[in-house]
Amino acid sequence: MIQEAINRYLLRTKQNSLSPKAVLFDMDGVLYDSMRFHARAWNETAIHHQLQAKEEDFYMFEGRTGDSTINELYQRTFQRDATDEEKRELYEEKAMLFNKYNDGKAMTGAAEVLAAVKATGLQTLVVTGSGQHSLINKLEHTYPGCFTREKMVTAFDVKYGKPHPEPYLMGLQKAGVHANEAFVVENAPMGVEAGVAAGIFTIAVNTGPLPDKVLLDAGADLLYPDMASLAKDWDNIMRCIG
């Protein structure tokens, strides 16, 4: 299965080899078990402002910047983009609710994946649509020595959020590698689309409520049910490449 996925990737991207030197990790739903709190906070904010949405929408929107998500809701409800003031108000409300609900729990299996990646000598970077200023302190506390601000892409760094490839293209640039020298690890369809659009071998972990088909249809090269399963299979992935 892994070898077939690699062969399909090489054919699709017209690359001669897959030679990973870096792994670009999404954050929410990959490193932290936090998407349920994001979805709840977004949904409650949408209800408060009488915007058309349901909670599962926010698993589909995951990876967008906050502004992009709010514009999507306003277009759906009012057929217009939100004003700067509306964006600020809604995002502050959503962030307040998220901080109230979020328990900061690390994703089960994520530490094991990072340990396996480090053991094979690959760089580790974060590419997230999040706009939390305290991100690096949080990551350092949960995963000591794994991430630095210099090798992180957040909502503050990009003009276009996922599913646009810009966040992952910037991740490649910060890692100093080419597309065929990296992996993406994602849990969201828009994040998978972004990784694939950037030409990177994209591994999906289905840690949320969406059907597997959604992630496969987005273009995932490999799919795992959770981070623990990816950790167990990491050596097999590296053997197929080597």
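Reader: How are α4 and α5 oriented to each other, parallel or perpendicular?
Author: In this predicted model, α4 (66–78) and α5 (residues 84–101) pack at about 110°, with axes 10 Å apart. They are therefore roughly perpendicular, a label for angles of 65 to 115 degrees. Axes are lines fitted to C-alpha atoms over the stretch in contact, and angles run from 0 to 180 degrees between N-to-C directions. Helices are DSSP runs (H or I, at least four residues), numbered from the N terminus, and strands are E runs of at least two.

Reader: Which residues make that contact?
Author: From α4, Gly66, Asp67, Ile70, Asn71 and Tyr74; from α5, Glu86, Lys87, Leu90 and Tyr91. Contact means heavy atoms within 4.5 Å.

Reader: What about Gln79, buried or exposed?
Author: Gln79 is exposed at 58% relative accessibility; exposed means over 50%, buried under 20%, and partly exposed in between (1.4 Å probe, protein chains only). Gln79 lies in the loop between α4 and α5, and its phi is positive, near 60°, though the residue is not glycine.

Reader: New topic. Where is Glu62?
Author: Glu62 sits in the loop between α3 (57–61) and α4. Its side chain makes a polar contact with that of Asn187 at 3.0 Å (N or O atoms within 3.5 Å, one able to donate a hydrogen and the other to accept it; sequence neighbours count only if both atoms are side-chain atoms).

Reader: And which peptide bond is cis?
Author: The one from Lys162 to Pro163 is cis, with omega near 15°.

Reader: What are the ground rules?
Author: Residues are numbered from 1 along each chain, and side-chain values use heavy atoms, without hydrogens or water. Local features need pLDDT of at least 70 and side-chain atom pairs 80 or more, while totals for chains, interfaces and linings use all residues.

Note on methods
Angles under 35 degrees count as roughly parallel, over 145 as roughly antiparallel, 65 to 115 as roughly perpendicular and the rest as oblique.
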